[in-house]
Amino acid sequence: MELSLRQITAMVKLALDIADADGQSTDSEYEVMSVELKSFGVTGEECQSVLDEVNKMGFINAVTLISEMDSEQKTEVCAFLAAVMCADGEVSDAEVNLWRNISKWCSFPEMSIDEALKHFRGESSTSCQRVDLSNGYYEGELKDGLFDGQGKLFFNDGSRYEGSFSNGKRNGHGVYYWPNGDRYSGNFENSKMAGHGVYYYACGDSFEGQWCNDRRNGFGIYTYKDGSREFGEYKDGVRDGCTVYFSPDNVVRVQQYVNGTLSVDRIYRGFKTGSVIQ
């Protein structure tokens, strides 16, 4: 697995924040960071460059960079951060809370601290291998002959999935890629998009919200390529309830849907109450 220097910088930034969460960084925590940098082939000169960039990088920027990694990279970062947190043998509530929040914000695979440490030490209890399928193949961890843990599914039509599995199905966080350039990053249940997730369209639009059985279900935000945003409720994949649309030129559109059918449509300009155009 390879990481860019920019990604490594983000990883170190979060590690330092976790180490400082209890108010005192230790030599053992720095040692874990140093060893990890060497494992990624970072030279002494590059190491200094990384540290210089860490001082310039904001926390949100670091989280954003890590959140854009693939599932294998996220698993490695999650395990690394846990190792830094536990390096001095004393884990504070502040460190654990920050590690858990970072895991949530970066959409890390679900792992306990113990599981993360085992992964960091290479003590996975599951086996990693390839399984050929009629419609593609699987590469990853198995348990009792079933897909379980972290893995990748490659399909003959060009689509693929990278993320968590349990009992032979896609469960937990993962990313699904379609041949047309669309992708979904979020939670899965029984191989279906479910819970919170973000669907990125090849055209540049995106939808972030709640899903159930591969359909939008609950509150969501649709962001258009031009910067317009639409906030609304969905049920079984269609709009259901109030939808509010904001455009970059300060036009607000308020709509009401009933099971996908538009019933009310109002447009306001300049965000001024009462300036109804239609």
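Glu-162 and Arg-160 pair up in a salt bridge, with their closest N and O atoms 3.0 Å apart. This is a predicted model, and a search of the whole structure turns up nine salt bridges. Here's a quick look at a few of them, plus helix α2.

**Salt bridges**

- Glu-162 counts as buried because its relative accessibility is 6%, while Arg-160 is partly exposed at 28%.
- Glu-72 bridges to Lys-152, with 3.6 Å between the closest N and O atoms. That pair ties together distant parts of the chain: Glu-72 sits in helix α5 and Lys-152 in strand β3 (residues 146-155), 80 residues apart.
- Glu-72 itself comes out as partly exposed, at 39% relative accessibility.
- Lys-56 and Glu-53 also meet through their side chains, at 3.6 Å from N to O. Lys-56 is exposed at 65% relative accessibility, whereas Glu-53 is partly exposed at 29%.

**Helix α2**

- Glu-29, Val-32, Met-33, Glu-36 and Leu-37 are the buried residues here. Looking down the axis of α2, they fall within an arc of 135°, so they line one face of the helix.
- The buried residues of α2 pack against α1 (5-20), α3 (44-54), α5 (71-86), α6 (93-105) and α7 (113-120).
- On the face turned away from the buried side you'll find Asp-27 and Lys-38, both exposed.
- After α2 comes Gly-41, with a positive phi near 75°.

Methods: Residues numbered from 1 in each chain as written. Predicted model: local features only at pLDDT ≥ 70, side-chain atom pairs only at ≥ 80, totals over all residues. Heavy atoms only, no water. Buried < 20%, exposed > 50% of the residue type's maximum accessible area, 1.4 Å probe, protein only. Helix = DSSP H or I, 4+ residues; strand = E, 2+ residues; numbered from the N terminus. Arc of directions from axis to C-beta. Contact = heavy atoms within 4.5 Å. Salt bridge = Lys/Arg side-chain N within 4 Å of Asp/Glu carboxyl O.
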